Structures are given as structure tokens and as C-alpha cells.
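Student: I'd like to learn how to read a protein model. Can we go through it together, feature by feature?

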Amino acid sequence: MIRKMKTFFWLIGIVALVCLVSYPIQEAKDAWTIWSSPLSGKVVVLDPGHGGPDGGAEGSDGTQEKQITLKLSRYLQDYLQEAGALVYLTRYEDEDLSSDGAGSLSRRKSEDIRNRVQYIDEKEVDFYLSIHLNAIPSGQWRGAQTFYNPNSEESENLAKFIQSEIKTNLENTTREALGLKNIYILKKVEAPGALVEAGFLSNDQERELLKSDDYQRKMAASIYQGVLRFVTEREHPSSK
Ligand SMILES: [Zn+2]
């Protein structure tokens with residue numbers, strides 16, 4: 001009996017020892033995960049502009065904005081997820097967010113944009129990013145630019161960090177982040193967010209860059225770096 005009791009206490013001792021040893025290790029592992037996942041716990045929506053019957057802006061070679069916004073968003077999704085964020089896209093395919101019975105293209109577009117806003121609101125995001133490309137009649141303009149709602153300080157900081165990283169990493173734009181009051185999505189979504197116009201399809205050189213996987217990855221990585229700085233630093237040096 002005594003021998004059995006001894007074995008019993010010996011086993012308890014071993015179990016206690018294992019618990020004591022493994023507990024700090026577990027804690028250290030959690031700390032490591034948090035340290036190495038700077039965006040863990042963050043919920044993000046990426047909004048690839050346009051889709052389906054709405055191609056968005058178009059280059060002279062027929063390149064459509066909707067194709068590149070989705071690719072950029074997919075690369076950005078990868079970067080954000082690797083850093084621990086929970087990422088949703090407003091669309092994962094070549095489609096818009098309007099219903100089949102929406103009617104004319106302009107009716108579809110207004111239903112589409114309302115549904116994007118609703119989608120982002122429902123996800124209760126920490127922040128969102130809408131991705132677009134520009135095209136204007138003149139071919140001379142080029143360069144990415146990030147826009148924000150000037151009534152939101154957080155949005156302003158997010159947009160400024162993203163624009164700074166685009167400028168530094170890609171070295172092909174001198175534009176600054178810009179506050180605009182009347183962009184529907186920026187105005188309507190409650191959470192902080194920014195709209196990135198990643199470049200001009202109407203500029204031949206920039207269009208070729210925007211079509212390449214390599215440049216899409218670099219653009220997505222720059223936006224990601226801006227997000228990281230926003231999350232860790234919160235206030236852009238120019239806002240202080
Ligand atoms: Zn667009």
C-alpha cells in the first residue's frame with residue numbers, strides 16, 4: 001500500500017513538474033506568436049474596385065481596372081494574413097455586389113457600392129482598404145495616390161503611412177495622401193480606411209508596370225508596410 005502511495009505521489013510530482021515546465025514555454029510561445037504576428041486580432045476588409053459588368057477604368061490596350069484591383073488585393077491579403085490579420089475581400093471573383101434584378105449599369109453600380117459599404121460595416125473591421133486604378137484622357141499623368149476622409153484622423157494617418165511607403169519603396173510618385181470629402185465609400189464606412197489609386201492605366205509605362213506580377217507584389221508590399229506602420233506608430237510624422 002505504502003509503495004502504491006509512493007508511486008502515486010511520484011506520478012503527481014512528475015505531472016506537476018511537467019505543468020511547471022510546459023507552462024512558461026507555452027507562455028513564451030504565445031508571446032512569440034504575438035510578437036511575430038503584428039496584425040494578430042485585426043480584422044481587415046479589402047475592397048477590390050469594380051468587377052463583373054463594371055470593368056472600371058480602361059487602358060488603350062483593353063486592360064481593365066477590375067482585373068488588376070483583384071490581383072493587388074489578393075497579394076495584399078497574403079501579406080496581411082501572414083502577419084496575423086483576419087482578412088475579408090468584398091469580392092473574390094470577377095463579379096460586382098449588385099443583385100441580378102438591379103437593372104441598368106448605373107443602378108447596378110449604386111447598389112454595388114452600397115453593398116460594399118454594408119459588407120465592410122458588418123465585418124466590424126479595424127480598418128479597410130479600397131483598391132482602384134485611374135485613367136484619364138491625357139496619357140502624361142502617372143503615380144499612385146492614397147485618399148482618405150478628412151473627417152477621420154485615423155484614416156488620415158493610415159493613408160499617409162501607405163502613401164509614404166509607396167513613395168519610398170517604388171520611387172515613382174511624388175504625390176501626397178489627399179483628403180477628399182465626397183468619395184462615397186470613404187464617407188459612408190464608419191471604420192477607418194483609405195482608398196488607394198495604385199496608378200494610371202492611361203499612362204503606357206505605368207500600365208505595363210501595373211500589369212506585371214512583380215510590380216503588383218511590390219505595390220501590395222508597400223501598402224502592407226504602410227499598414228504595419230499605421231498599426232505600430234498610429235500617428236504619421238506629418239500629423240504631429
Ligand atoms: Zn475605380
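Student: Are Asp-47 and Arg-116 buried or exposed?

Tutor: Buried means under 20% relative accessible area, exposed means over 50%, and partly exposed is in between (1.4 Å probe, protein chains only). Here, both Asp-47 and Arg-116 are buried. Keep in mind that this is a predicted model, where local features need pLDDT of at least 70, side-chain atom pairs count only at pLDDT 80 or more, and totals for chains, interfaces and linings use all residues. Residues are numbered from 1 along each chain as its sequence is written, and side-chain values use heavy atoms, with hydrogens and water left out.

Student: What do the side chains of Asp-47 and Arg-116 meet in?

Tutor: Side chains of opposite charge can pair when their charged atoms come close. The rule for a salt bridge is a side-chain nitrogen of Lys or Arg within 4 Å of a carboxyl oxygen of Asp or Glu. Asp-47 and Arg-116 form one, at 2.7 Å from N to O. Asp-47 lies in strand β1 (residues 43-48) and Arg-116 in helix α3 (residues 105-122), so this pair ties together parts that are 69 residues apart in sequence.

Student: Where do those helix and strand labels come from?

Tutor: They are DSSP runs, numbered from the N terminus: helices are H or I with at least four residues, strands are E with at least two. This protein chain has 7 helices and 6 strands, and along the sequence they follow the pattern α-β-α-β-α-β-β-α-β-α-β-α-α.

Student: How many salt bridges are there by this rule?

Tutor: The count comes to 15. Another one joins Arg-108 and Asp-96, at 3.0 Å from N to O. Arg-108 is in helix α3 and Asp-96 in the loop between β2 (86-89) and α3, so to speak distant parts of the chain, 12 residues apart. Both Arg-108 and Asp-96 are buried.

Student: Which residue does Lys-167 meet in a salt bridge?

Tutor: That's Glu-176, at 2.6 Å from N to O. Lys-167 is partly exposed, at 24% relative accessibility, while Glu-176 is exposed, with a relative accessible area of 51%. Salt bridges can also share partners: Asp-61, Asp-204, Arg-207, Glu-208 and Lys-211 are joined into one network that way.

Student: How many aromatic pairs are there?

Tutor: Rings of Phe, Tyr and Trp (its six-membered ring) pair if their centres lie within 6.5 Å; planes under 30 degrees apart are stacked, over 60 edge-to-face, and the rest tilted. The count here is 2. Tyr-79 and Tyr-224 have ring centres 5.6 Å apart and planes at 20 degrees, so they are stacked. Tyr-79 sits in helix α2 (residues 65-82) and Tyr-224 in helix α7 (residues 213-233), so the pair ties together parts 145 residues apart in sequence. Tyr-79 is partly exposed at 24%, whereas Tyr-224 is buried at 13%.

Student: Why is the pair of Phe-127 and Phe-230 called edge-to-face?

Tutor: Their ring centres are 6.0 Å apart and their planes stand at 85 degrees, so the pair counts as edge-to-face. Phe-127 is in strand β3 (residues 127-134) and Phe-230 in helix α7, 103 residues apart. Both Phe-127 and Phe-230 are buried.

Student: Which residue lies over the face of Phe-230?

Tutor: A charge sits over a ring if NZ of Lys or CZ of Arg is within 6 Å of the ring centre and within 35 degrees of the ring normal. For Phe-230 it's Arg-234, at 4.4 Å from the ring centre. Likewise, Lys-123 lies over the face of Tyr-88, at 4.3 Å.
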